[in-house]
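Keep the viewer open and follow along.

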Amino acid sequence: MLLELSGVTIPTFDQKCVILNDVSFGIKEGSIHAIVGPNGSGKSTLAYTIMGLGDYKALKGKIYFDGVDITNLNITERARLGITLTWQEPARIDGLSVYKYVSLGMKDKSKIKEKVFEVLKIVNLEPERYYNRIIDKSLSGGERKRVELAAAIAMNPRLIILDEPDSGLDFIVLEDFMNIFDNIKKLNMTILLITHREDIGMVADYGTLLWRGNHIITDEFPRVMLRYCAKAGLKAFCKRTLFKNGAVCFDDDYIDRIFREENLS
Amino acid sequence: MKTSDYPEDILQSLEDYKIDIRNFLPGHGKGAKLLLDFNKISGIEQVDGIILKGREIPNGIVADILIKEGTKLEDPVHLCFGINKETGVQEIFPRIIAEDNTDVKIQAHCSFPNANGLIHKMFGHYYIGKNCNFTYSETHYHGEKSGALVAPVSYIYVGENSVFENNFNLTKGTPGRVKILIDIYAMKDSIIRSNVRAFGKNIKDSVRIRDSVFLEGENARSVIKMKAAAKDGGEVLMYGITEGNAPYCNGHVECSEIVLGRGSICRARPFIRATDPTSSISHEASLGRFPQKWLDELMAKGLSEEEATDILIEAMLQEEVKL
């Protein structure tokens with residue numbers, strides 16, 4: 001496992017209750033691993049906890065990255081080990097160019113321009129048009145997210161955490177983003193994808209379902225999605241929509257069984 | 001003029017700004033030039049459409065620049081006021097007239113790389129005629145010792161339907177004690193953009209800038225953007241003043257300042273006043289630190305908090321004004 005969480009518990013800021021409760025699972029190197037769950041289930045909290053943001057300190061539990069205990073490392077130290085995160089709503093920073101921003105995390109400072117151009121191409125931004133732009137409000141939401149992805153890829157990290165990269169994007173752009181995820185995977189980077197859309201998640205190899213801060217299941221992604229639907233009581237949606245064109249199909253008996261198990265639990 | 005005819009430490013001094021003064025020496029690069037070495041004129045280069053004259057006075061010079069009607073210059077006019085001494089007094093009296101329908105950029109470099117108690121004063125008058133496009137950019141470097149006492153005062157008249165852009169940049173080195181006053185009078189349909197950036201880096205630095213725009217003509221518009229940072233005991237005070245004294249004029253003042261380290265002080269005072277009921281003047285001011293999310297985003301790229309802050313300061317101070 002590239003990343004392992006063992007009994008991680010994250011309290012609210014006032015320490016009165018928990019956002020994540022005793023969460024344990026692992027992420028395989030080279031995979032796309034999706035975290036799914038309804039709003040408020042703790043997906044983004046999980047992302048920030050793995051990245052090491054100051055407000056998200058584990059009350060209990062350990063986080064291991066490639067066997068190294070990173071629980072007490074700060075955000076910079078984790079980034080230098082090869083973990084990075086792209087935000088749901090990346091900031092607009094007046095005065096900072098795409099070129100500068102994308103090159104910030106590059107370890108090898110030779111041939112920066114070539115590398116910036118290369119990663120801009122990976123995220124389907126025309127380098128000549130974009131490298132000189134400023135990451136302010138003149139960039140659309142989709143463009144800004146691509147620049148964020150480019151900056152993350154440019155770091156050549158081992159693990160990229162994508163926090164809801166699908167939010168606020170139209171369906172044409174979504175399709176493009178799914179291709180970009182495939183491109184990132186080809187670079188031997190592991191992706192942890194935070195999403196609540198099953199169509200985005202279908203690019204994932206594995207998944208984890210969070211429900212009200214609890215870890216429910218970690219498995220192949222279609223099975224996780226099926227369990228998600230069962231928890232939410234969406235049997236019709238599951239049978240008619242979810243796996244209708246997918247590469248993975250479950251027969252109705254199997255779906256019924258999972259739903260029964262969920263009701264019993 | 002050979003590069004060896006001008007003090008090497010001045011030639012190199014603006015490298016942090018990515019400016020090479022060698023390109024602006026007479027005989028090097030394009031455009032009109034006036035070069036000052038302390039209180040002596042060390043070079044002048046003329047181009048068609050412009051008259052550039054300098055007259056030495058006891059502590060400096062009177063510099064007259066006339067841009068003839070209709071002149072459109074592709075290359076900027078370069079003014080370099082350099083001093084490589086530690087102390088002394090330099091006084092500059094620029095008088096600039098841009099006649100109607102002209103399009104000119106002036107780049108002034110005030111570089112005092114060895115300043116240690118040096119005094120630089122300027123008292124400038126600028127007249128911009130009708131339908132002009134005039135940009136005045138001034139970049140300062142006051143060395144790394146204790147900076148200089150710098151006190152420039154500028155009065156600028158901007159004629160009908162003209163665009164005037166002012167860029168003042170003091171973001172590298174140690175500023176020292178700086179007091180700047182700029183008064184801009186905007187006539188009918190004119191557009192003013194004023195972009196002021198300063199960085200006080202230590203306890204020796206006290207930067208006070210008053211940038212005023214008086215919208216005196218109908219439909220005149222202006223944006224003043226003042227950006228500053230104070231670090232490790234540095235002090236920056238910025239007054240952004242806009243008065244709307246004519247029908248349908250529109251002005252905005254924005255002051256953003258970042259305070260870092262104990263003892264640093266940033267003060268922003270946007271002052272707006274309207275005497276015409278159809279005018280619209282607004283302001284915003286912010287002081288403090290960068291949002292934590294911005295820092296987190298940069299730190300997730302492997303930067304330390306200090307490196308991330310430096311990047312954000314650099315970005316903030318590089319931002320260009322837009323109208």
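Start at the place where the two chains touch in this predicted model.

The model comes with an ipTM of 0.88 and a pTM of 0.77. Chain B has an average pLDDT of 91, with 98% of the residues scoring at least 70. For chain A the mean pLDDT is 85, and 91% of its residues get to 70 or more.

The axes of H2(B) and H3(B) lie 9 Å apart, and the angle between the helices is about 115 degrees. That angle is why H2(B) counts as roughly perpendicular to H3(B). As for handedness, H2(B) crosses H3(B) in the right-handed sense. On the H2(B) side, the contact is made by Trp294(B), Leu295(B), Leu298(B) and Met299(B). From H3(B) come Glu305(B), Ala308(B), Thr309(B), Ile311(B) and Leu312(B). Split by class, the residues of this contact between H2(B) and H3(B) are seven nonpolar, one polar and one charged.

Chain A has a helix pair to set beside that one. Helix H4 (residues 112-122) of chain A packs on helix H6 (residues 141-154) of chain A at an angle of about 125 degrees, and their axes are 9 Å apart. Because of that angle, H4(A) is oblique to H6(A). The crossing of H4(A) and H6(A) is right-handed. H4(A) brings Lys115(A), Val116(A), Val119(A), Leu120(A) and Ile122(A), and these meet Ala150(A), Ile153(A) and Ala154(A) in H6(A). In the contact of H4(A) with H6(A) you'll find seven nonpolar residues, one charged and no polar.

Back to chain B, this time for its sheets. One is an open sheet of nine strands with mixed pairing, in the order E3-E4-E6-E8-E10-E12-E14-E16-E18. Its edges are strand E3 (50-57) and strand E18 (265-274) of chain B; each has a single partner strand, so one side of each is left without a neighbour in the sheet. Neighbouring strands here are turned against each other by 5 degrees on average, direction ignored.

Strand E10 (residues 147-158) of chain B runs parallel to strand E12 (residues 176-186) of chain B, and the two pair over nine bridges. Which residue of E12(B) is the bridge partner of Val153(B)? That's Leu181(B). Further along, Tyr157(B) stands opposite Tyr185(B) in E12(B). E12(B) is also joined to strand E14 (residues 206-215) of chain B, in parallel, by ten bridges. There, Ile182(B) has Asp211(B) in E14(B) as its bridge partner.

The other chain B sheet to trace is an open one of ten strands, again with mixed pairing, in the order E2-E1-E5-E7-E9-E11-E13-E15-E17-E19. At its edges sit strand E2 (40-45) and strand E19 (280-288) of chain B, each pairing on one side only. In this sheet, neighbouring strands are turned by 5 degrees against each other on average, direction ignored. For a pair to inspect, take strand E5 (residues 77-82) of chain B and strand E7 (residues 103-111) of chain B, which pair in the parallel sense over six bridges. Leu79(B) is found opposite Ala108(B) in E7(B).

Key: Residues numbered from 1 in each chain as written. Chains lettered and ligands numbered in written order. Predicted model: local features only at pLDDT ≥ 70, side-chain atom pairs only at ≥ 80, totals over all residues. Axes fitted to C-alpha atoms, helices over the stretch in contact; angles between N-to-C directions. Helix = DSSP H or I, 4+ residues; strand = E, 2+ residues; numbered from the N terminus. Parallel < 35°, antiparallel > 145°, perpendicular 65-115°, else oblique. Left-handed = near helix turned anticlockwise from the far one by under 90°. Contact = placed C-beta atoms within 7 Å. Nonpolar A, V, L, I, M, F, W, Y, C, P; charged D, E, K, R; others polar. pLDDT = per-residue confidence, 0-100. Pairing = 2+ DSSP bridges.
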